[in-house]
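Work through these exercises with the structure open. Try each task before you read its solution.

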Amino acid sequence: MRFVFSPPADAAAGLLTLPFDQPLEDWRDPRLVEVRQRGISRHVVRFIADGGEFYALKSISERLARREYRLLRALAEMKIPAVEVVGIVVDRWPDADAILVTRFLDYSTTYRALFSSPRGGQPTDRLLDALVELLVRLHLSGFFWGDCSLSNVLFRYDAGTLEAYLVDAETSEQHPNLTNGQRSWDLELAAERICGELFDLQAGGLLPAEVDPLGTSEELQRRYLRLWEELTMEETLRVEEQRYRIAERLRRLNELGFDADEVELISVEDGNRLRIRTKVAESGQHSRQLFRQTGIIADENQARRLLNDIASFRGYLEQKHGGPVSETVAAHRWLEEVYDPAVAAIPAGLRDRLAPPEIFHEIMEHRWYLSEQAGQDVGTTAAAQRYFDTVLPQVPQPLTTAMEESTKPSLASTDDWAEAADGMADSG
């Protein structure tokens, strides 16, 4: 038996004691965990909680396991949202399948859970946008998925939006570039599989009546084609307008989360033809900035929301003290006086419902809603308590029940900054 783990692999050392000498479907290890409302899988998949981490183990042929191991590592290097591969176990006994080990995505959810317990209305639009963006990112990076389906994706809330993460890459192929035919075939396969999965939900009474499986799969294709066109279209520019038009096009690319790898202007009869080679942007600019300032790990939209709140808090401090306050001081005080108290106040039984930055974002949204109703700023403390009492308990239970809270925020005792600001408008 051989274990091949990707570095750093020390956190997964406890996995070596699992009963790999037995078929995965026969395991009775106490570390096994059931995942509610999981997607459909054609392979045996089991889930393990070990050392405060959560792992998915899939029984699959050694050829496919090695292929998926390599492709998931390549996706990680290219910053494509996908589950993190930990390693593979091979040569268990003659003719036995290998086992692929991936790290389960914290605070993630499945499409079945999204439809059975919708938050903020039925999730079709957000789900399609997330899935289309993931598929386009893969295609721009030269990846043919071959098995795009709702079951092969995990979703995570990011300041009210959804981000899609690839889970299964066993049928994927990596190329320098994809042809239009490869992209079209991948998109057609995705539409077919997603339509079937939605019909399955409909048969189980889990799909909202207004969601049409066939119409949704067709909308997936339309949204993909619109996004692909926006990212790759060629356009003819008059010489006198090309400077601002190029800048405008690049700005749109950046807003969509992509970068220009190469800009080419080709002289034609009526001007210059603009051709842009688009690449996947290195995501996480706001996440990295937030981590540098506060040590908080958050997804990109969450980080943007929290940075806006820090900026508003900095303005409050400068107004209060009548002089400039450095970004570092403002971030430290915001963490101590605003964020940590709010997170520390989350009831113990509800702490694992959402990631702490997502809960903080939702508290800020709830504060705005309550302030609109009251005609005045209700403050973060009051909004948080109302949120904990009425909203957070309605968030579906997490997919797993064995994950332990790995970090706890420090407890601060200072007053809430917004309440001290005598009715300042909602931050952010």
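A cavity, on a 1 Å grid over the protein atoms alone, is a set of points where a 1.4 Å probe fits but cannot get out, and its lining residues have an atom within 4 Å of a point. This is a predicted model: local features need pLDDT of at least 70, side-chain atom pairs count only at pLDDT 80 or more, and totals for chains, interfaces and linings use all residues. Residues are numbered from 1 along each chain as its sequence is written, and side-chain values use heavy atoms, with hydrogens and water left out.

**Exercise 1. Cavity**

Find the residues that line the largest cavity and sort them by class.

Solution. 
- Step 1: Count. One cavity of 30 Å³ or more turns up.
- Step 2: Size. The largest cavity holds about 40 Å³ of space. Grid points are joined across faces, edges and corners, and the volume is the space filled by probe spheres set on the points.
- Step 3: Lining. Tyr107, Arg156, Tyr157, Gln302, Leu354, Ala355 and Glu358 line the largest cavity.
- Step 4: Classes. Ala, Val, Leu, Ile, Met, Phe, Trp, Tyr, Cys and Pro count as nonpolar, Asp, Glu, Lys and Arg as charged, and the others, Gly among them, as polar. The lining then splits into four nonpolar, one polar and two charged residues.

**Exercise 2. Salt bridges**

Which residue forms a salt bridge with Asp29, and which network includes Glu219?

Solution. 
- Step 1: Apply the rule. A salt bridge needs a side-chain nitrogen of Lys or Arg within 4 Å of a carboxyl oxygen of Asp or Glu. The structure holds 22 of them.
- Step 2: Take Asp29. Its partner is Arg31, with the closest N and O atoms 2.9 Å apart.
- Step 3: Check burial. Buried means under 20% relative accessible area, exposed over 50%, and partly exposed in between (1.4 Å probe, protein chains only). Asp29 is buried at 15%. Arg31 is buried at 19%.
- Step 4: Take Arg222. Arg222 bridges to Glu219, the closest N and O atoms lying 2.9 Å apart. The two are three residues apart in helix H5 (residues 213–232), so about one helical turn separates them. Helices (H or I, at least four residues) and strands (E, at least two) are DSSP runs, numbered from the N terminus.
- Step 5: Arg222 is partly exposed at 40%. Glu219 is buried at 17%.
- Step 6: Extend. Arg226 also bridges to Glu219, with the closest N and O atoms 3.5 Å apart. Shared partners join Asp125, Asp129, Glu219, Arg222, Arg223 and Arg226 into one network.

**Exercise 3. Sheet**

What is the strand order of the open sheet, and which strands are its edges?

Solution. 
- Step 1: Order. Six strands run E1-E5-E6-E4-E3-E2, with antiparallel pairing. Two strands pair if DSSP finds at least two bridges between them.
- Step 2: Edges. Strand E1 (2–5) and strand E2 (32–33) each pair on one side only.
- Step 3: Follow the bridges. E1 and E5 share four, with Val4 partnered by Ile88 of E5. E5 and E6 share five, and Gly87 stands opposite Val101 in E6. Strand E4 (residues 53–60) and strand E6 (residues 98–103) share six, with Ser59 partnered by Ile99 of E6.
- Step 4: Explain E5. Six of the seven residues of strand E5 (residues 84–90) are buried, so E5 is largely enclosed by the rest of the structure.

Key: 1 Å grid on protein atoms, 1.4 Å probe; cavity = no way out; pocket = protein on both sides within 12 Å on 5 of 7 lines; lining within 4 Å.
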